[in-house]
Amino acid sequence: MIRIEDVIDKVQVNRPGADIDLIRRAYLFSALHHRGQKRASGEPYLVHPLEVAEILADMRLDEVSVSTGLLHDVVEDTLVDLETIRSYFGDEITVLVDGLTKIANISDLSREKQQAENVRKMVLAMITDVRVVLIKLADRLHNMRTMQYLKPEKRKRISQETLDIYAPIAHRLGMGRMRSELEDLSFQNLYPEDYKRLAKEVDVRRPELEAALIKIEATIREKLNENDVPFVKVEGRVKRLYSLWKKLKKQKIMIEQVYDLIAARIITPNDRKYCYLAMSVVHDVWTPVPERFKDWIAIPRDNLYQSLHTSVIGDGGQPFEVQIRTEEMHHIAEEGVAAHWKYKEKALGPKDEDENLDALRKTVEKLLLPLVENTEQHEDSEDFVETLKLDLYPKDVYTFTPMGKVIQLPRGSTPIDFAYAIHSGVGDTCTGAKINGRIVPLRSELQNGDVVEIMTTQSSHPSGDWLNYAITSKARSRIRHWISQEQRTESIDIGRKLLEKEAEKYKVPNKKFMSNEAELKRIANEYGLSRPDDLFASVGYGKTLPRNVLTKFLGADKIKELEPEGKKETRLKSATKAVKKFIGMDDAIVVKGVDNLLINRAKCCNPLRGEEIIGYISLDKGIVVHNRRCKNVSQLMVNKDRIVEVEWAKSDKEHVQSVQLLATTENRTGMLAGITNAIADIKTGIRDARANVSRDDIGMIEVTVEVFDKKHLDKVVGAIEHVPGVIAVERLNA
């Protein structure tokens, strides 16, 4: 078990003159209030804040950060409140602890929404003081290192959040080492079978790869010395498992085709000219791979990362990557923002030595400000988190306006993203675009160096189709906002007309019903809505039946009196017809709290029993049910009012469903037979199987199988993946 003296020793080495007394007081306070508490592992809870403090000390952070690491859970997990923290440790630590304390006891919010609100709170806090997120990352890292003691479902939930939010934040802050460990730990918990299989595959090759690296490193040292190019050190590495797994899945290639499976790194003295000299030496020794050279020194990434990357072909055709950077660049690449963090008290005036820190603060603000702006644009916390995920990915496409202004966008951006990056008004009125002087479709993907001109007209408005090819959060938020407002206005109008028509049917005077603001507000409140307009919109969307609203206005007895003759029989027939049309009775999906609704499964994702699902009120197909991970769900979320909660109905009867799978394989004889035999061995029906060969000489085998639920499908996918020669397996239309 780590001791507080170990933490203090590191702080004293890294930050001479630090207030050690503050750290000791924070430790004693934490030990006192966490006394008797245990972690899931059974060890004293105090171990966790001590480990977090050590991670922060390793990051060379100040004594305030280390002390906050020791105190970060006392408000959340003990009876201590923020005022007590303030009285003992002052405002600075109190603000940091508050930013790290989860929002608790929000009984009316789902767990997902509570998690989203906690992320929102942290983002707001970290724009004021970046130490909030550095401490949070240290906290998350230690939790991920001890994840084995938690239940599998909790492990997966926390790991997914880490992969979606915290690892990308570490990346955007340039903290490469932190990001790498968070990603690999998340990968191990989320995809244990893939992790074990890939680890085994790499371990088989490891002796050969490490031998190749030793030879490469020795050659580089020798050639650099021969050419009088100074260097600090040369080191090698085998590609991280998560990064390797992602590349294999995305590119559908075999491990032998990965150019950067192994990489050498050259660290030079702090003068960038040595980086370029070292690169020329490397290119003299080995043949460079065309289009595999990246100069992140001339154009640094947003997260401060600077390095030269080049891929070359080594002895025996072995491809490998070489990264070249100065000592300072290497330190920043590993530690990012933490590499230069030194807190400057507000009471002190600006000093020359703080200029670098001020520049760093501006960089951090530039990075985090869009995330905070999202909190203002998205009232819905889950919406905010989805947009935050998009904002966290690196920006590495550099485009230009006709006047020469650089517009930096995420890879995959289109003219729509470019238009909104210039100004929201330009995006809202965009009608077309020119790239390098030629008119192009708005879905065209932008490339480095493109000169983009946006054409606008005042009468133009965003289209729902734009969501299919706009990828930046700013563009998507504005498009969603406009569509949502437009559709809400239409729905209010439709809802009002439907209620007027229903009132007319029962001979209820329009003035008595539709003009009664107080009664309409009362009815709206009964549906959990705040205003009559919200009620009209709900009716217009189809979520609320006009007759039910009228029943609440008149009362059930009165509505029966006014019911026209023969109407009851007609309604009964309609209900019976709806039940008969109910899709998939053996494996039914039901809308929570509502019976006898027409339900269809979306063809785009064909959800399987056991998968998380979401319902959407369509205009002509009743409730259309999608897999929550379906690519089209983000477009549906524009209209939150049309979203309904659905669930799998309880059923003892197994319902067979056809699912199409695509296996990417080596091109060799017997692959199709091997896959079909593997499926047959687990007693699963096959409806269709066919094989093709791609231009890259890769086998593409499509097979349609009969499965009962998601667990059954996972078993089938696992069986196919274990067939020798299979590179990847994916579900089509999912």
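1. Lys-252 counts as partly exposed because its relative accessibility is 28%, where partly exposed covers the range between buried, under 20% relative accessible area, and exposed, over 50%, with a 1.4 Å probe and protein chains only. Lys-252 lies in the loop between α12 and β2, and its phi is near 50 degrees, a positive value in a residue other than glycine. Most residues other than glycine have a negative phi. Helices (H or I, at least four residues) and strands (E, at least two) are DSSP runs, numbered from the N terminus.

2. Please keep in mind that this is a predicted model, in which local features need pLDDT of at least 70 and side-chain atom pairs count only at pLDDT 80 or more, while totals for chains, interfaces and linings use all residues. Residues are numbered from 1 along each chain as its sequence is written, and side-chain values use heavy atoms, with hydrogens and water left out.

3. The protein chain holds 28 helices and 20 strands, and buried residues make up 47% of its 734 residues. Among contacts (heavy atoms within 4.5 Å) between residues at least 6 apart in sequence, 65% join residues at least 24 apart.

4. Asp-260 is placed in the loop between α12 (241-251) and β2 (262-268), and with a relative accessible area of 6% it is buried. Not counting residues up to four places away in sequence, Asp-260 touches Arg-237, Lys-239, Lys-247 and Glu-321. The side chains of Asp-260 and Lys-247 are joined by a polar contact of 3.1 Å, a term for a pair of N or O atoms within 3.5 Å; within protein, one must be able to donate a hydrogen and the other to accept it, and residues adjacent in sequence count only if both atoms are side-chain atoms.

5. Asn-436 is found in the loop between β8 (430-435) and β9 (438-440), and it is partly exposed, with a relative accessible area of 47%. The phi of Asn-436 is near 55 degrees, which is a positive value in a residue other than glycine.

6. Helix α6 (residues 82-100) and helix α8 (residues 131-145) have axes that come within 9 Å and cross at roughly 55 degrees, and that makes α6 oblique to α8. Axes are lines fitted to C-alpha atoms, for helices over the stretch in contact, and angles run from 0 to 180 degrees between N-to-C directions; those under 35 degrees count as roughly parallel, over 145 as roughly antiparallel, 65 to 115 as roughly perpendicular and the rest as oblique. The contact is made by Glu-92, Leu-96, Gly-99 and Leu-100 of α6 together with Arg-131, Val-132, Ile-135 and Lys-136 of α8.

7. Helix α10 (residues 176-190) packs against helix α11 (residues 192-226) at an angle of about 115 degrees, with the axes 5 Å apart, and the two helices are therefore roughly perpendicular to each other. From α10 the contact takes in Asp-184, Phe-187, Gln-188, Asn-189 and Leu-190, and from α11 it takes in Pro-192, Asp-194, Tyr-195 and Leu-198.

8. Ile-158 sits in helix α9 (residues 152-172) and, at 15% relative accessibility, counts as buried. Leaving aside neighbours within four places in sequence, Ile-158 is in contact with Arg-140, Met-144, Met-147 and Leu-150. The C-alpha atoms of Ile-158 and Met-147, which are 11 residues apart along the chain, are separated by 8.9 Å.
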